[in-house]
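Dear colleague,

Please find below the structure for your files. The notes that follow it set out what was found.

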Amino acid sequence: MSQVPQVHVPQVKVPATYMRGGTSKGVFFNLADLPARCQVPGEARDNMLLRVIGSPDPYGKQTDGMGGATSSTSKTVILAKSDVVDHDVDYLFGQVAIDKAFVDWSGNCGNLTAAVGSFAINAGLVDPSRIPKNGVCIVRIWQKNIAKTIIARVPITNGEVQETGDFELDGVTFPAAEVPVEFIAPVDPSEAMFPTGNVVDELDVPAIGTFKAAKYKVTMISAGIPTIFLNAEDLGYTGTELQDAINNDDAALARFETIRAAGAIKMGLINDVSEAVARQHTPKVAFVSGAKDYVTSSGKAVSAADIDLHVRALSMGKLHHAMMGTAAVAIGAAAAIPGTLVNLAAGGGDREAVVFGHPSGTLKVGAQATKVNALWTVNKAIMSRSARVLMEGWVRIPGDSF
């Protein structure tokens, strides 16, 4: 007896570009190319992006999608021509959870920001009159997640985006063209960069596992992305740790998540610790220490004389292999303000730029901070990244998945 064949919904193909930006990778979309029901925020869009990346995956590998099983490679970007005055492109970032059916829209990705300008130019989202034959195209980006302006300076050769070059970014194996990125007014003067009003607070953290309840000195800042900074020494670390030292320690990761939730409440980002699960992208947690000699994850020796301080940051529950771009903005802003834990780790005093060590190497970030009506604000933060198109064409996903 022959069986009646089952009818399955075919796959849908959606135009997409797979790009590296800074030390992250993500799938980029032009809003106009998305299926109609995914051109607006909501369940259909989230489900489409989850399926594109390969989440949720209980195996933690994202084998059936474009994700790379790390927070740095589980990212999506949607771009559109901007209707905001004096801006070229709207940039919307979605951080896709790996083992959960969840897309976090609460913050920006500073690393992928470096790729936004080149994608926007290639996609025709930048007015051709603004693109030089040779030189630098200034792409004015409206970051929709956080409603901020970002300026990307994209090199152009013979009318096309230049991606190759000799700029080396620690955490990225091969050199590429340098893309300076400016985060303009990452903190509105009307907003409190320090939600509690203090550059240093004492944070009560409840007991978790083998760790007893404790009080930690913290600097909690909202610049680039909400970030909680702690002293490495207070946590029992040297500050030179690499990924395995943290990510292979489940008890330590649980403590960091407990710290993150407690800090989120104190920063006013959530009202109850239970809400932290649905806000994994923000705030970030990082720990700092003074400059020390260390060896990077690639085996490169870095001298204490070449850096101002060490910073290690966690993203989506794991220690980042390098540094998130938005966290680098927070580092630059905090370093520029006397008395913060970041500033003190760098040696204190007035600073407009710092070079910090991270697991993959070093990074320089600058920030201009001023005090207005007793409140600190940052005019802009600057760093250099690089970006490259890895693949372009279509992604395919089952039509019944979104």
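**Strand S16 and its partners**

Strands S13 (284–290) and S16 (309–315) pair in the antiparallel sense over 6 bridges. Helices (H or I, at least four residues) and strands (E, at least two) are DSSP runs, numbered from the N terminus, and two strands pair if DSSP finds at least two bridges between them. This is a predicted model, in which local features need pLDDT of at least 70 and side-chain atom pairs count only at pLDDT 80 or more, while totals for chains, interfaces and linings use all residues. Residues are numbered from 1 along each chain as its sequence is written, and side-chain values use heavy atoms, with hydrogens and water left out.

S16 and S17 form a hairpin with 2 residues between them, and Met316 in the turn has a positive phi of about 50°.

S16 is mostly covered, with 7 of its 7 residues buried (under 20% relative accessible area, 1.4 Å probe, protein chains only). Leu309, Val311, Ala313 and Ser315 point one way, and His310, Arg312 and Leu314 the other.

**Cavities**

The structure holds 4 cavities of 30 Å³ or more. A cavity is a set of points, on a 1 Å grid over the protein atoms alone, where a 1.4 Å probe fits but cannot get out; lining residues have an atom within 4 Å of a point. A volume is the space filled by probe spheres set on the points.

The largest cavity contains about 90 Å³ of space. Its lining includes Leu314, Ser315 and Met316, and H4 gives the most to it, with 4 residues. The second largest cavity has a volume of about 70 Å³. Of its 14 lining residues, Ser24, Lys75, Cys109, Asn111 and Met324 lie nearest its centre.

**Ser72**

Ser72 is found in the loop between helix H1 (43–53) and strand S3 (75–81). Ser72 counts as buried because its relative accessibility is 5%. Its side chain makes a polar contact of 3.0 Å with that of His320 (a pair of N or O atoms within 3.5 Å, one able to donate a hydrogen and the other to accept it; residues adjacent in sequence count only if both atoms are side-chain atoms).

Yours sincerely

Key. On a 1 Å grid over the protein atoms alone, a cavity is a set of points where a 1.4 Å probe fits but cannot get out, and a pocket is an open set with protein on both sides within 12 Å along at least five of seven lines; lining residues have an atom within 4 Å of a point. Buried means under 20% relative accessible area, exposed over 50%, partly exposed in between (1.4 Å probe, protein chains only).
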